[in-house]
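Subject: Structure for your review

Dear colleague,

Please find below the structure that I am handing over to you.

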Amino acid sequence: MQSMNEVLEELIEKVKPNQNNEDSSKVEENDESVSFLKLFEFIYDHADYFKVMLSDRGLPQFRSHMTEIVKKRVYGELISSIGEAEDGLDIPKDILISYITSAHIGVICSWLESDMKFSPAFMAEKLTSLTLLGPIRVAGLENKIKLPY
């Protein structure tokens, strides 16, 4: 557990956006992209560790522990800002945060399983687009598929 916490703490410190912006509550695409780039670079630099720990051979609790830490430490400010505007949300904030976190960790796992065939910069750019614009729009499918609702 101590080893897991140390690696995840180092990851969080590398990924957290700088808080020296005048309006730190505003999510800027550039800030997200830089954070995602740092995330993918860190995982790339520690690929052997993350490949094992996030695979079926790793500790079963690592993925859930990483998910909880990312939710609290990376998305803590996002959660707070959503809380302030929660009345206007079309979806409960806990579902939204769970979706974002699970999607991000899923993308990381897929990237590791594919032996990181894309660069950290490419992955950061795509994850930024997916997060801010949504998967259907980014894939160019919004007018091409029939949604079930």
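This is a predicted model: local features need pLDDT of at least 70, side-chain atom pairs count only at pLDDT 80 or more; totals for chains, interfaces and linings use all residues.

Overall composition

The protein chain contains 8 helices and 0 strands. Read from the N terminus, its elements follow the order α-α-α-α-α-α-α-α. Of the 149 residues in the protein chain, 29% are buried. Among contacts in the chain with a separation of 6 or more, 69% are between residues 24 or more positions apart.

The nonpolar core

The largest nonpolar core comprises 30 residues. Leu39, Phe40, Phe50, Leu54, Phe62, Met66 and Leu112 have the most contacts inside it. At least two residues of this core come from each of helix 1 (2-15), helix 2 (29-45), helix 3 (47-53), helix 4, helix 6 and helix 7 (120-133).

Helix 4 against helix 6

Helix 4 (residues 60-74) packs against helix 6 (residues 93-113) at an angle of about 130°, and their axes lie 10 Å apart. The two helices are therefore oblique to each other, and their crossing is right-handed. On the side of helix 4, the contact is made by Arg63, Met66, Thr67, Val70 and Lys71, while helix 6 contributes Ile97, Ser98, Thr101, Ile105, Gly106 and Cys109. By class, the residues of this contact are 5 nonpolar, 4 polar and 2 charged.

Val70 deserves a separate word. This residue lies in helix 4 and counts as buried, at 11% relative accessibility. Apart from neighbours within four places in sequence, Val70 is in contact with Tyr75 and Thr101. Val70 and Ser102 are 32 residues apart along the chain, and their C-alpha atoms are separated by 9.9 Å.

Helix 6 against helix 7

The axes of helix 6 and helix 7 cross at roughly 150° and come within 11 Å. These helices are therefore roughly antiparallel to each other. Their crossing is right-handed. His104, Val107 and Trp111 of helix 6 meet Pro120, Met123, Leu127 and Thr131 of helix 7. This contact has 5 nonpolar, 2 polar and no charged residues.

The loop between helix 6 and helix 7

Two residues in this loop call for attention on account of their backbone. Most residues other than glycine have a negative phi. Asp115, which is found in the loop between helix 6 and helix 7, has a phi near 55°, a positive value in a residue other than glycine. Met116 is found in that loop as well, and its phi, near 50°, is likewise positive in a residue other than glycine.

Met116, in contrast, is buried, with a relative accessible area of 16%.

Yours sincerely,

A colleague

Technical notes
Residues are numbered from 1 along each chain as its sequence is written. Side-chain values use heavy atoms; hydrogens and water are left out. Axes are lines fitted to C-alpha atoms, for helices over the stretch in contact, and angles run from 0 to 180 degrees between N-to-C directions. Helices (H or I, at least four residues) and strands (E, at least two) are DSSP runs, numbered from the N terminus. Angles under 35 degrees count as roughly parallel, over 145 as roughly antiparallel, 65 to 115 as roughly perpendicular and the rest as oblique. A crossing is left-handed if the near helix is turned anticlockwise from the far one by less than a right angle, and right-handed if clockwise. Contact means heavy atoms within 4.5 Å. Ala, Val, Leu, Ile, Met, Phe, Trp, Tyr, Cys and Pro count as nonpolar, Asp, Glu, Lys and Arg as charged, and the others, Gly among them, as polar. A nonpolar core is a set of buried Ala, Val, Leu, Ile, Met, Phe, Trp, Tyr and Cys residues joined through side-chain atoms within 4.5 Å. Buried means under 20% relative accessible area, exposed over 50%, partly exposed in between (1.4 Å probe, protein chains only).
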